[in-house]
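Colleague: I have some labels to check against their cut-offs. Can we go through them one by one?

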Amino acid sequence: MLSALMYVLVPMPCLFFGGGSTQFLTSRDGGGWIDAAKFMTGASAVGSLAIPIILRHAHMIQTGAMLIEFTSFFIFVCTVMCFHRASLEDDW
């Protein structure tokens with residue numbers, strides 16, 4: 001459930017601070033809210049990887065469950081990258 005919570009938190013900065021666009025993540029523009037959004041996106045992405053590792057280290061989950069979580073994270077990242085690429089193109 002902690003990982004599912006992190007997957008919900010990853011796109012929230014884009015929705016609140018970027019207007020639903022991911023272009024602000026790759027820009028060099030600064031500012032209080034944009035920097036906060038970049039930090040929250042990075043922290044939730046790192047948390048998505050760190051939670052399964054911590055749970056495996058504490059012997060609360062098995063190695064297979066951790067690998068399944070990493071696979072779901074990889075699929076999630078690929079989906080976000082496809083969304084980012086599609087939002088950059090004007091043909092969509």
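Modeller: Ser 44 lies in helix α4, residues 32-57. Helices are DSSP runs of H or I, at least four residues, numbered from the N terminus. This is a predicted model: local features need pLDDT of at least 70, side-chain atom pairs count only at pLDDT 80 or more, and totals for chains, interfaces and linings use all residues. Residues are numbered from 1 along each chain as its sequence is written, and side-chain values use heavy atoms, with hydrogens and water left out.

Colleague: Why is Ser 44 called buried?

Modeller: Its relative accessible area is 4%. Buried means under 20%, exposed over 50%, partly exposed in between (1.4 Å probe, protein chains only). So Ser 44 is buried.

Colleague: Which residues is Ser 44 in contact with, leaving aside its neighbours within four places in sequence?

Modeller: Met 6, Leu 9 and Val 10. Contact means heavy atoms within 4.5 Å.

Colleague: What makes Val 77 partly exposed?

Modeller: Val 77 has a relative accessible area of 33%. Val 77 sits in helix α5. The buried residues of α5 are Met 66, Glu 69, Phe 73 and His 84.

Colleague: How does the reach of α5 compare with the expected span?

Modeller: Helix α5, residues 63-88, has 26 residues and reaches 38 Å from first C-alpha to last. The expected span is 1.5 Å times one less than the number of residues. That gives 38 Å, and the helix is close to it.

Methods: Helices (H or I, at least four residues) and strands (E, at least two) are DSSP runs, numbered from the N terminus.
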